[in-house]
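Subject: The structure, and what turned up in it

Hi,

Here is the structure I promised you. Have a look at it first, then read on for my notes.

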Amino acid sequence: MSTDTDRRFEFETDQSGWSWETHYKPVLKYISLAVLMVWMLLPVYYTFANSLKTPEMIFTQPLGIPFVTFDPVAFSGRNAWRTMWDAFPFVEYTLATFIVSVGTAGLATVAAVFAAYSFARLDYPFKNSLFVLSVAGFMFPIVLLAIPIFVLMQQLGLLNTYVGMILAFTAFTLPYNIWLLRGFFEELPDNLEESARVDGCTQIGAFFRVILPLSRPALASVFLLAFLLAWHNYLMAFIIGQDPLHTTLAPALLELKGTFFVRNFHYIMAGTFLSMIVPITMYMYLQKYLVEGLSSGGGVKG
């Protein structure tokens, strides 16, 4: 006589011996991940492949494999990658973008650490109202705040300067960092600080000696997020850095549409792909901290 457990096992296992939990579910999961990976990598492939083709091939075979469709004559000599490196100030724009992105990530991370810690661990009047006010910035579209920030930077004399772009980018990345770090600090056990206080630390000492070392994954994740947001920011860089000699890579690449590159889209593709190398490298280096920082807030046990 078959029991309920036997009948359920027969229902979950077909005649071939495959069951949902041990066979079908993992296969479906890996197929879904493969489709998602292809979807995520498609823009990277599209940019890389078309940077190796002639302009005509970009429009006739936009998804063609470059080693089949590219023109060896066009690829030899002054190809798109070499032209972007020689004729376009790519290194200068990349260095400027790196300086602005690192400055933005550093400033936004340091400011967010102190703000998030106070919102998560300290008690003072209107704390919740101040937290809502501090993160309200990411409820507004960047276009809505662009004009006030431009006027403010103009009055401060910070247009066409790295400092102006760093401050403008920080205004948009700081709310994300505060929100993420506040959640991390709230999950840390209270007895960590209490133990440090018993050992003679002040609250500031406990913050620097206990809380900050435990927060390295979270700090790395918010630093990386701020860096990526600043690296790809186009609108604020275009508004603040109107001078072509004092702007970042994103608006500089778009300006190629108005130059002799107008019909040579493979140059734009080459420059766009080269601009991905730095953020992809940094993401690959810090990805373990990003995952750990976003998921381990409650993982520290007291």
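A word on burial before anything else: buried means under 20% relative accessible area, exposed means over 50%, and partly exposed is in between (1.4 Å probe, protein chains only). This is a predicted model, in which local features need pLDDT of at least 70 and side-chain atom pairs count only at pLDDT 80 or more, while totals for chains, interfaces and linings use all residues. Residues are numbered from 1 along each chain as its sequence is written, and side-chain values use heavy atoms, with hydrogens and water left out.

Let's start with E193. Its relative accessibility is 11%, so E193 counts as buried. E193 is part of helix α11 (residues 190-198); helices here are DSSP runs (H or I, at least four residues), strands are E runs of at least two, and both are numbered from the N terminus. What does the side chain of E193 join in a polar contact? That would be the side chain of R121, at 2.8 Å. (A polar contact is a pair of N or O atoms within 3.5 Å; within protein, one must be able to donate a hydrogen and the other to accept it, and residues adjacent in sequence count only if both atoms are side-chain atoms.) Leaving out residues up to four places away in sequence, E193 touches Y117, R121, Q203, A206 and I211, where contact means heavy atoms within 4.5 Å.

Now the rings. There are 11 aromatic pairs in the structure. Rings of Phe, Tyr and Trp (its six-membered ring) pair if their centres lie within 6.5 Å; planes under 30 degrees apart are stacked, over 60 edge-to-face, and the rest tilted. F227 is buried because its relative accessibility is 0%, whereas F98, at 34%, counts as partly exposed. F207 and F208 also form an edge-to-face pair, at 5.0 Å and 75°. F207 is buried at 4%, and F208 is partly exposed at 44%. Both belong to a cluster linked by ring pairs, together with F114, Y117, F184 and F185.

On to the cores. A nonpolar core is a set of buried Ala, Val, Leu, Ile, Met, Phe, Trp, Tyr and Cys residues joined through side-chain atoms within 4.5 Å. The largest has 22 residues, and M84, F88, F90, L249, L253 and L256 touch the most other members. Helices α6 (80-86), α7, α13, α15 (249-254) and α16 (265-295) each supply at least two residues of this core. Which helix gives the largest share? Helix α16 does, with seven residues. Apart from this core lies another, of 20 residues, among them V113, A120, L188 and F207.

Last, Y289, which sits in helix α16. Is Y289 buried or partly exposed? Y289 is partly exposed, because its relative accessibility is 31%. Y289 and L219 are 70 residues apart in sequence, yet their C-alpha atoms are 8.5 Å apart in space. Y289 also touches P217, A220 and S221, again not counting residues up to four places away in sequence.

Cheers
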